[in-house]
Amino acid sequence: MRKIIIITGYPAAGKTAFSQRLKEALGIPCFNKDSVKVLLAENIGFADRQENKVLSNTAVKLMFHIAGEILQAGQPVIVEGNFSQAEGDALAVLLAQWGAEAMTYIFTGDLPVIYQRYVQRDQSAERHAAHKSAGFAGVEEFAAAVMPLAGFSVPGEVVRVDSTDFAGVDFEGLAARGRGFLLMEKA
């Protein structure tokens with residue numbers, strides 16, 4: 001069962017929380033970019049924004065390497081992060097290499113609402129230093145930076161999730177779709 005579930009989209013849209021719930025519901029491994037980045041930051045460190053970006057890129061490459069190993073073993077896996085299209089292209093290569101199928105959840109929502117969530121999260125004392133941003137001048141700058149994430153594409157099924165209001169997100173329905181994807185036989 002060479003299948004990968006990709007969870008991506010806007011920052012502060014609920015991707016990580018959803019990935020953890022989905023991991024529990026499906027009983028498969030899940031790798032979160034932010035968690036991997038924290039491990040790298042705490043063990044390697046970083047001095048400035050440029051080194052922080054290197055940690056982000058390394059976290060993604062490490063996740064994709066591990067995901068490839070899991071796919072090679074014939075097992076399903078979840079990867080989560082705010083992936084760019086370049087990272088989507090790398091995942092497409094991984095899919096082709098292992099003959100794997102993908103299902104992608106793309107989390108978006110009303111940008112002013114997501115931006116406010118982002119700002120609150122970024123200012124939180126609990127937020128790890130590796131995830132503190134350089135900041136955006138406002139919602140317009142935030143929108144320009146994150147809107148390309150909504151266009152992420154790899155071959156396979158795509159599920160768009162509007163997380164403007166977390167209470168309106170049907171977790172059970174989304175988990176059922178993921179379960180169906182894992183159980184579906186290759187045509």
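**Helix 5 and helix 6.** I looked up how helix 5 (residues 111-123) and helix 6 (residues 139-146) are arranged in this predicted model: their axes come within 10 Å and cross at roughly 100°. Axes are lines fitted to C-alpha atoms, for helices over the stretch in contact, and angles run from 0 to 180 degrees between N-to-C directions. Helix 5 is therefore roughly perpendicular to helix 6 (a term for angles of 65 to 115 degrees). Helices (H or I, at least four residues) and strands (E, at least two) are DSSP runs numbered from the N terminus.

I then listed the contact, meaning heavy atoms within 4.5 Å. L111, P112, I114, Y115 and Y118 of helix 5 meet V139, F142, A143 and V146 of helix 6. By class, this contact has nine nonpolar, no polar and no charged residues; Ala, Val, Leu, Ile, Met, Phe, Trp, Tyr, Cys and Pro count as nonpolar, Asp, Glu, Lys and Arg as charged, and the others, Gly among them, as polar.

I found five strands in an open sheet, ordered 2-3-1-4-5, with parallel pairing. Strands pair if DSSP finds at least two bridges between them. The edges are strand 2 (30-32) and strand 5 (157-162), each pairing on one side only. Strand 2 pairs with strand 3 (residues 77-80) over three bridges, and N32 stands opposite E80.

**Numbering and limits.** I count residues from 1 along each chain as its sequence is written. In this predicted model, local features need pLDDT of at least 70 and side-chain atom pairs count only at pLDDT 80 or more, while totals for chains, interfaces and linings use all residues; side-chain values use heavy atoms, leaving out hydrogens and water.

How values were computed: Parallel < 35°, antiparallel > 145°, perpendicular 65-115°, else oblique.
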